[in-house]
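Visitor: I'd like a close look at just one part of this protein. Could you walk me through it slowly?

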Amino acid sequence: MAAPSMKERQVCWGARDLYWRCLDDNAEDAARCKQLRSSFEASCPQQWIKYFDKRRDYLKFKEKFEAGEFQPSQSTENS
């Protein structure tokens, strides 16, 4: 796999940003963002998609944790 060009990277990042904004605007309801998800997947290399998905999960966790809104699961509390 060849490295994406600057233009391809910008297209990928733009598609990611639109998809993430849709998720933010729709309370993480991925069903409402299917078209943007498809565009995101078509615009980015598969490894990048995997990385960005994990990154978003981490950033959302960090945001909740720092705001004091994180609630550990029952199995975690009993450990």
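Visitor: At what angle do helix α1 and α2 pack, and how far apart are their axes?

Guide: Happy to zoom in! First, a heads-up: this is a predicted model, where local features need pLDDT of at least 70, side-chain atom pairs count only at pLDDT 80 or more, and totals for chains, interfaces and linings use all residues. Residues are numbered from 1 along each chain as its sequence is written, and side-chain values use heavy atoms, with hydrogens and water left out.

Now to your pair. Helix α1 (residues 6-25) packs against α2 at about 160°, with the axes 8 Å apart; axes are lines fitted to C-alpha atoms over the stretch in contact, and angles run from 0 to 180 degrees between N-to-C directions. So α1 is roughly antiparallel to α2, a label for angles over 145 degrees. On the α1 side, the contact (heavy atoms within 4.5 Å) includes V11, A15 and Y19. From α2 come L36, R37, S39, F40 and S43.

Let's stay with R37, which sits in helix α2 (residues 34-43); helices here are DSSP runs of H or I, at least four residues, numbered from the N terminus. R37 has a relative accessible area of 19%, so it counts as buried, meaning under 20% with a 1.4 Å probe, protein chains only. Setting aside neighbours within four places in sequence, R37 touches Y19, I49 and D53.

Zooming out, the protein has 4 helices and 0 strands, in the order α-α-α-α. Of its 79 residues, 22% are buried.

Notes:
Helix = DSSP H or I, 4+ residues; strand = E, 2+ residues; numbered from the N terminus. Buried < 20%, exposed > 50% of the residue type's maximum accessible area, 1.4 Å probe, protein only. Parallel < 35°, antiparallel > 145°, perpendicular 65-115°, else oblique.
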